[in-house]
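Notebook open, structure loaded. I'll jot down what I look up as I go.

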Amino acid sequence: MKNLLFRSAFLAMLAAAPVFSSCSDDNDDTPTPDDDNEQITTLRYELTPTTGGATLTAQYRDVDGDGGAAPLISGLTLAPNTTYTGKLVLLDETKNPAEDISAEVKEEADEHLFLFEAAGTNVTVTRTDKDKNNLEVGLDTRLQTAAANATGTTGTLKITLRHQPGTKNGTATPGDTDVEVTFPTVVR
Amino acid sequence: MFFRAPGRSRGGLAGLALAVGLLCALPRLLWAQAPAPANCALLLSGRVLDHESRTALAGATVVVLETRQATQTEPDGHYHLDNLCPGTYHVQVSFVGFAPETNEVRLTAAAYRDFRLHPDAVALKGAVVSGQRVAAPATQATATLSEKDLQQTRGKTLGEALQKVNGVTALQTGPGIFKPMIHGLHSNRVTILNNGVRQEGQQWGPEHGPEIDPFLASQLTVVKGAASVRYGSDAVGGVVLVQPRPLRDSAGTGAELNLVGMSNNGLGAASGMVEGNLRRLPALSWRAQGTVRKAGTMRAPGYYLNNSGFEEGNFSGAVGWRKSTYGAEVFYSQFNTRIGILPAAHVGNQQDFLLAVSRDRPLETTGFTYDIERAYQQVRHEVLKFTGFVKTGNAGRLSTTVAQQVDARDEYDKYRPRNDNRAALDRPALSYTNRTSTAELLWEHRAWRGFTGSVGLAGTYQFNRYADGSRQFIPFYTNYVGGLFWLEQWQQGRWLLEGGLRLDRRDLQVKRATREGGVFGVEESRFQYTTPAASLGAVYDASTHLTLRLASGLTRRAPAPNERFSDGVHNAQYELGYDLVPGNGPARPETALNLGLTATLHDNPRLNGELTVYQTRIRDFLYQSPILPPVVNIRGVLASWQFQQTDATLRGLDVSGSYQLAQRWLLAGKAAVVRGRDTRQDEWLIFMPADRAELSVRYEAANRPDGHLQNSYVQVLGTGVARQTRVPRNYAERDYRLPPAGYGLLGLEAGTTVHWGRLPLELSVAGANLLNQRYRDYLNRYRYFADEMGRNLTLRLRVPLEFSHAKSTP
């Protein structure tokens with residue numbers, strides 16, 4: 001025990017050790033809006049009859065992001081045997097001002113493909129725009145209705161955005177799904 | 001033996017691990033160097049035998065660690081130690097060519113105790129072994145996986161290895177992520193002590209396994225049941241102690257190499273360790289260790305499971321300085337992993353989702369590859385720890401542990417950003433950093449009239465952030481915890497009583513981003529809790545072969561931030577914390593009352609075993625359950641989960657036993673049953689482990705002195721798991737898929753030690769799911785989409801190396 005001095009010093013150090021684990025004050029940090037994090041909060045499918053008349057809109061909107069309040073989805077009631085000019089609008093409304101995602105998709109049209117699948121209703125959608133490789137995109141469309149739905153029945157129109165960077169070949173297969181929204185749709 | 005009787009302290013390797021052991025230890029033993037009272041005239045005697053041949057070992061050394069009394073066995077293997085005082089001692093027996101063994105002996109009267117030593121794989125290792133490493137409260141049911149048991153789990157994750165312990169199951173996500181579940185409780189209710197430091201990762205979500213390299217551990221101890229007084233209020237369900245071997249304290253350099261290969265997913269693992277002790281500076285010891293592990297696509301019977309590979313790279317180092325009256329150790333470890341996430345969970349609309357969860361196999365399967373694609377998680381966990389102790393004269397011993405750990409978790413979505421510039425940055429969608437500083441100061445007082453005990457102070461400072469631009473899932477939070485505890489043990493005759501008290505104060509400050517109606521805002525809140533804990537238990541040695549343990553505990557646990565505020569999507573799952581569920585107020589603290597009774601039949605020549613029955617009542621029990629209908633986002637439907645609170649009662653039993661059928665044949669079995677009731681709704685609790693049982697037969701070949709093969713064994717193992725039928729009412733409307741059918745699995749294992757020159761090579765081959773059974777487990781989150789792993793063969797090799805001049809044990 002001749003190194004009593006050392007031991008005492010050591011003991012003191014031990015006792016003080018918890019103090020060394022000083023915690024730098026990080027309390028001033030605050031969450032910031034996640035601007036780099038892409039979201040599509042809103043998809044609007046605007047349909048104008050080629051013969052003129054009011055524009056119909058199907059909309060999916062979820063401004064508070066995933067979870068929280070459920071997305072608001074409004075469907076379509078279309079006239080029979082009518083041709084519509086369709087336009088897709090995609091927005092990120094979590095940003096301020098809202099970011100126009102459809103413009104971005106247009107810029108990178110050679111990586112994107114929209115799919116339109118109707119079920120239980122007589123609706124046919126044709127893509128009318130092309131990318132630089134002459135492959136269809138789907139931001140601009142023509143929608144053609146046929147006979148009205150049987151009374152009491154409603155169909156659906158599913159709109160899918162496939163993101164196909166470097167792999168776009170005109171089919172749905174490559175890439176990932178960025179959007180998949182199903183609208184209740186009826187021809188009446 | 002593939003499981004061990006709990007409570008048996010492992011062969012004491014030692015030295016610096018004192019510091020480690022201490023942390024994990026209850027004060028029972030220890031440095032009680034009380035001056036000899038009057039009736040210190042007890043005699044301890046017995047024989048030392050070779051465990052294999054049962055022949056007497058002459059000249060073996062028997063040391064009472066506490067008193068430093070030592071003797072050598074006589075030609076017939078007998079030893080005598082006299083003038084011992086009543087009390088608990090650690091008696092260490094060593095003999096050249098055998099693994100030294102340290103056993104606890106409780107002396108109240110003259111006692112006769114035999115020791116059986118196992119031949120050492122590394123003969124003439126020359127390590128002088130002293131000190132001890134102690135785990136776990138004496139009164140709780142505990143189970144230990146020794147180095148030998150762990151050898152059979154090398155290459156697996158920590159949570160997977162722990163499933164060897166009866167009563168422990170795992171909450172699983174695919175082949176790479178296992179979260180230990182003890183008696184039906186998991187996550188925030190199970191404390192993991194990694195080398196003496198509370199593991200503080202981002203444990204939100206069952207797909208976040210403990211960030212620990214299991215190769216670090218030479219011993220895993222599981223405390224089954226509450227140990228909140230010693231380890232903090234969240235150790236309600238139990239504690240896992242991950243204990244490395246103590247630093248070397250004999251001069252020289254040693255090393256160990258482990259290699260593992262698996263057939264199913266092409267897993268390869270290599271782990272190496274080098275350690276040394278300087279001849280000129282005997283107080284200084286060091287160790288360096290590293291592991292790499294990589295697995296490719298897992299194969300379920302009939303198909304490959306997409307993107308199920310993972311990779312891992314870990315290393316650690318420790319330096320210790322130890323004298324008889326003080327010591328210190330610095331330890332650093334880093335754990336890195338990348339784990340692929342099954343894309344089957346990424347589905348489109350409701351109908352696709354229902355199809356995906358009803359399919360026999362995922363729609364997209366794949367070939368074999370080592371590539372990990374999106375989605376994946378990338379995790380780094382670093383720990384820096386300092387421990388030290390000083391003997392405070394005759395009064396006891398003071399020790400401290402200070403640690404800082406940083407857990408960085410990045411989760412990459414399956415979907416790349418649509419914008420090419422952002423995609424080029426390749427940023428994770430979720431990027432979290434959790435930093436935790438912990439400190440503990442412990443004073444163990446010397447034995448006084450049968451009392452041993454300790455007083456401790458513990459503090460935690462934790463902060464959690466996500467990177468700018470990444471998605472919120474867990475909010476920013478800062479957490480301060482301060483605690484004070486006191487544990488005492490009293491021993492008299494065959495009785496040991498233990499009681500403890502703890503008080504924690506917790507201050508949680510949360511900053512959460514909100515987007516009410518699309519407008520960004522930050523919501524700040526602050527919560528303060530005072531949570532007490534108390535425990536009382538007893539151990540009664542009914543005979544030399546039967547020990548009874550009773551443990552009870554009362555704990556209050558403050559809800560964790562993830563249980564309250566998780567919100568968002570990760571890995572195609574949506575999770576919602578309790579406070580954010582519409583209509584809920586703030587989550588209330590849980591109050592848990594545990595009771596456990598354990599009977600252990602031990603040290604019998606043929607039949608040994610253990611039975612544990614327990615009950616845990618938890619008021620305001622927080623648990624996760626599926627949200628139905630599932631949450632929808634613009635990509636489609638997500639498997640969704642939310643936290644709820646109810647009153648719960650969990651009861652169960654673990655039974656295990658082994659029977660020596662014949663000299664070389666050992667029959668062993670175990671079974672675990674958990675019953676969880678929601679007493680508020682009067683129905684079964686969701687996601688409780690199904691009943692399971694295991695039976696094995698093991699043959700150990702005789703060791704011939706001139707044989708090239710030593711310690712050879714073969715073992716057949718059958719595992720059966722029942723279908724979970726005890727689920728909440730109307731279950732089809734409460735979960736996405738009904739519990740899967742029960743299953744039975746067959747396994748086979750064989751191993752031996754080959755002497756290659758002077759090198760002992762420990763080789764084993766193990767086959768799991770030999771019949772290539774298709775099955776799903778109720779507690780695997782992939783069970784909605786995919787089957788479990790098919791047939792798998794594992795080859796393991798362990799090579800211990802010794803570079804020092806061989807010196808025999810004194």
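Before I look at bridge partners, my ground rule: two strands pair if DSSP finds at least two bridges between them. Helices (H or I, at least four residues) and strands (E, at least two) are DSSP runs, numbered from the N terminus.

Housekeeping next. This is a predicted model, where local features need pLDDT of at least 70 and side-chain atom pairs count only at pLDDT 80 or more, while totals for chains, interfaces and linings use all residues. Residues are numbered from 1 along each chain as its sequence is written, and chains are lettered from A and ligands numbered from 1 in the order in which they are written.

**Sheet.** I looked up B:Thr191 and found B:Val239 as its bridge partner in E17(B). Strands E14 (190-194) and E17 (238-243) of chain B run parallel, with five bridges between them. In chain B I then traced an open, five-stranded sheet with mixed pairing, in the order E10-E16-E17-E14-E15. Its edges are E10 (141-145) and E15 (197-198) of chain B, each pairing on one side only.

**B:Ala458.** I found this residue in strand E28 (451-466) of chain B. Buried or exposed? B:Ala458 is buried, because 22 other C-beta atoms lie within 10 Å; the cut-offs are 20 or more for buried, 12 or fewer for exposed, and partly exposed in between, with C-beta atoms placed from the backbone. Skipping neighbours within four places in sequence, I get contacts from B:Ala458 to B:Gly232, B:Glu440 and B:Gly483 (contact: C-beta atoms, placed from the backbone, within 7 Å).

**Domains.** For chain B I noted domain 1 (30-131) and domain 2 (238-245 + 256-802), with bounds from an automatic or database domain assignment. Their centres, taken over C-alpha atoms, are 36 Å apart.

Notes. Two residues are in contact if their C-beta atoms, placed from the backbone, lie within 7 Å.
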